[in-house]
Amino acid sequence: MSVEGSTTTLTNPRVPGEPAGRYRVELARGVAAVDRDAWNDVVNRCAGAIFYAWEWLAAFEESPPGVFEPAHLLAYDGEDLVGVCPAYLVHHCPRLEYALTLGAPIDLRRDGPVLLAHSLAALRGGPLALPGHRSAAHALVTGLERAAGALGAWAWGIANAPAGDLAGRLLGQGYAAAHLTTAYRLDTVATTPERYWDGLPGRRRRRLRREQRQGAEGLVIGESRPDATTMVRLAHAVLREHDTPVDVLPEPYLRSLARHLRPYERTITAADERGEVVAMFGGWQFGGEWALWIAGLQTGRYSVFEPYHAMIAHSVEAAITTDTRVLDLGRGNGVVKRRYGATGTPLFLALKAADRGRDALLHAWCRQVQARSQTSAHGLGVASRRCC
Amino acid sequence: MPEAIPRPIPEAVSETVPTPASGRAGDDRPSVVCVSGRRVVQVLAQLGARTVLLGDPTPLDLACAADVPMDLDLDDWTAAEAALRRLHATHPVRAVLSVYDAHLPLASFLAARLDVTGLALAAALNCHDKLRMRLALQAAGLQGPAYAVVADEGEAQAAARWIGHPVLVKKITAAAGRGTLLCRDPGEVAEAVATLREEQAPNLLVEEYVDGPEYAIQSVTSGGVTEVISILAQHTAPGPRPLEVGYDFPSGLGERGEHDLGRFVAEALRALGFDDGIAHTQVRLGPAGPVVVNVGARPPGGLLCAVTEAVRGVDMVRAAAQVALGRPVTRRAPVARHARYRCVTFDVSGTVAYDPRALTGARLRAPSPVVGMDVDPGEAVSALDDPGGGTYGRIVVYADTEDGLDPAYRRVLDALRPRVERATTHTP
């Protein structure tokens, strides 16, 4: 089972309302064991985001931001792949370990690996199942529990499950859950940028426009592909500015992402008169969803993120005028993002343990860490020291 | 306030066990840990349990009623667990229960950590947090109102526009009523956010207001199987705060309607992860079907426990203790077929006046009328629609027939004559 690149059948989990064994769940110990096109096709048809893409997982596997063993789950109906659930057996994750130090009555980090679907770095996680195969998502959650047992994980769960059906099912099944952060998403319903701006209240629109003009003075805002060195330098500058250790997004990991996700890249940059990139929103579009995942800034030059408004405005207009269906503006800075019409989706970290006592510790920890994150302006998603 | 009215300890019943002195050698009574008040301690003692009472701090008179009073910081779950573990080592704990919303999660945490009987921690937390409750119910296919989580007024206004006025603005963790405001326009939304939002808990829920009759359902769940004990029609204040101001039994739903509602509540409790405990669930029958307003994993407040016992023969506090002890829920013969319960409220602010001779003693038992006031004559009261307003007393009358309720209620009002000086009195 531990051989890289192999798959193992976890048996056919029983799903309420479905004949026993309708869905076969397999465990893949690396992306090499997964058919890239079949996987991406499911992700695309499920309106999944870049964080589910085979290439994102490949980059993560190549240069992980910690010690992770791939443990991806695939649900089959007969021979057809109908559901996927990326997951990792987490041995060492700076984000998770930092979070586990917050408020836990007992140091939960000592208990060994956790099986997580799939990463706190992603803006979304959990199973995806094709339309008409809703129960395959249930089977994948059941498979996650079985895989945890098989792999020796003391707990298993889902990172950044969006508030909705999945989060509700996990809560009903007794998962400990914490609303750790909120992602801000904007549906590109406006047919033209003019209509989008006209749809905002006049006073707000005028104020935003003024802020955009002032922040972008002397800069050229646009979509471009900065080289990986620039991306790492600007992203790490922001992390340091927030007193966040860069080990949450180590350089090899960012470089690997930049390389693997090149075909999907849609990054917004601000360049000065010499053409030097001084700020960026690093992002990728998969299917109709464009996720702006990481911000970067020449912090030595700017004390605040001056081009921020102009870059958001450009992103929104670019999303409206292209094939983007949803623009995910990421976590944090909700006050600003909401002014542009983005709506917040709470993201839950949901965890479970087989042992009742440990499960209670997870619940207690989730309760405390949620309270702590919600009193921070940006949740644990941005402002705290290690959970950028 | 989940405790029922104080009343005399019933005479010994068959299940009562002699109670040896605390700490005496050979004390084989089951230990039950409770985070509660006097009534639970008394009931547990009647059931032959050794009571371990957690308080923060425990009042001296209450401490004297418990076998083992323990003063703890109830927000420090780790310390509470450590203290209980020491006790558990010498006197094994059978169960942990609470009847207070705020302490239900702690009780469930301690039960889980000691691996003894208690409401599932996930269920306690799903009831405690309204967002979790909505998510769990909707994922189970139980319809609910449209809602949004908001962090500030701007977001609340956007959510209210999307949902459509009127909306309810709610604290995510608070009992229904106390942390909820009905908003009919943007101005009221702004006021509600300013009133309810706290720095330590900035997120609020903005929910669609579902219009329709509301019901209070009392139930007992044991081993995951829920039995509905009573269903009462509930009256809610028409003002900005949806306070409960009255109840009627029977509910008026009829046998079929009560059966359907009971099944809905059982499904809702299952969706929330209920296994062992009692619940007070409020459901509104909206145009599209039943909608859960709130679930409290505790006995109902006010006099609803007493009313439920009168009309159904089940003491909900005793039922909670019996479930904790793994015993069957006992019942007495109902003493009334009809009940009318009204809270005393006022439609204007001013100085209250009433005839105190009409007050009944707290020890009076159904089917005698119960009349209680929370304010003395001459005290200030606020109108129900005033932000500081509320309920100031309770009247319960019983009758064998529905026709008998009106005269009984009128007699009480005529005797009590509650009024606000130079203003009219309103009892819904």
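**Sheet, helix packing and chain contact in the predicted model**

A:Asp187 stands opposite A:Val326 of strand E15 in chain A. The model in which this pair is seen is a predicted one. Strand E10 of chain A, residues 176-187, and strand E15 of chain A, residues 326-331, pair in the antiparallel sense, and four bridges join them.

These two strands belong to an open sheet of eleven strands in chain A, with the order E3-E6-E7-E9-E16-E10-E15-E14-E13-E12-E11. The pairing within this sheet is mixed. Its edges are formed by strand E3 (67-70) and strand E11 (220-224) of chain A, each of which pairs on one side only. On average, and with direction ignored, neighbouring strands of the sheet are turned by 30 degrees against each other.

Two helices of chain A are described here against this sheet. Helix H10 of chain A, residues 308-320, lies across E10, E11, strand E12 (267-271), strand E13 (277-286), strand E14 (289-297) and E15 of chain A. The direction of H10(A) is at about 45 degrees to E11(A). Helix H12 of chain A also packs on the sheet, where H12(A) touches strand E9 (155-162), E10 and E16 of chain A. The angle between the directions of H12(A) and E10(A) is about 45 degrees.

Between the chains, 22 residues of chain A are in contact with 30 residues of chain B. On the chain A side, at least two residues each are supplied by helix H5 (165-172), helix H11 (334-339), strand E16 (343-353) and helix H12 (356-374). H12(A) gives the largest share of this side, eight residues. By class, the chain A residues that touch chain B divide into seven nonpolar, nine polar and six charged.

Within chain B, a pair of helices was examined. Two packed helices are described by the angle between their axes and the distance between the axes. For helix H6 (residues 130-139) and helix H9 (residues 254-272) of chain B, the axes come within 9 Å and cross at roughly 115 degrees. Because angles of 65 to 115 degrees count as roughly perpendicular, H6(B) is placed roughly perpendicular to H9(B). The crossing of H6(B) with H9(B) is right-handed. In this contact, B:Met133, B:Ala136 and B:Leu137 of H6(B) meet B:Ala268, B:Ala271 and B:Leu272 of H9(B).

Methods: Residues numbered from 1 in each chain as written. Chains lettered and ligands numbered in written order. Predicted model: local features only at pLDDT ≥ 70, side-chain atom pairs only at ≥ 80, totals over all residues. Contact = placed C-beta atoms within 7 Å. Nonpolar A, V, L, I, M, F, W, Y, C, P; charged D, E, K, R; others polar. Pairing = 2+ DSSP bridges. Axes fitted to C-alpha atoms, helices over the stretch in contact; angles between N-to-C directions. Parallel < 35°, antiparallel > 145°, perpendicular 65-115°, else oblique. Left-handed = near helix turned anticlockwise from the far one by under 90°.
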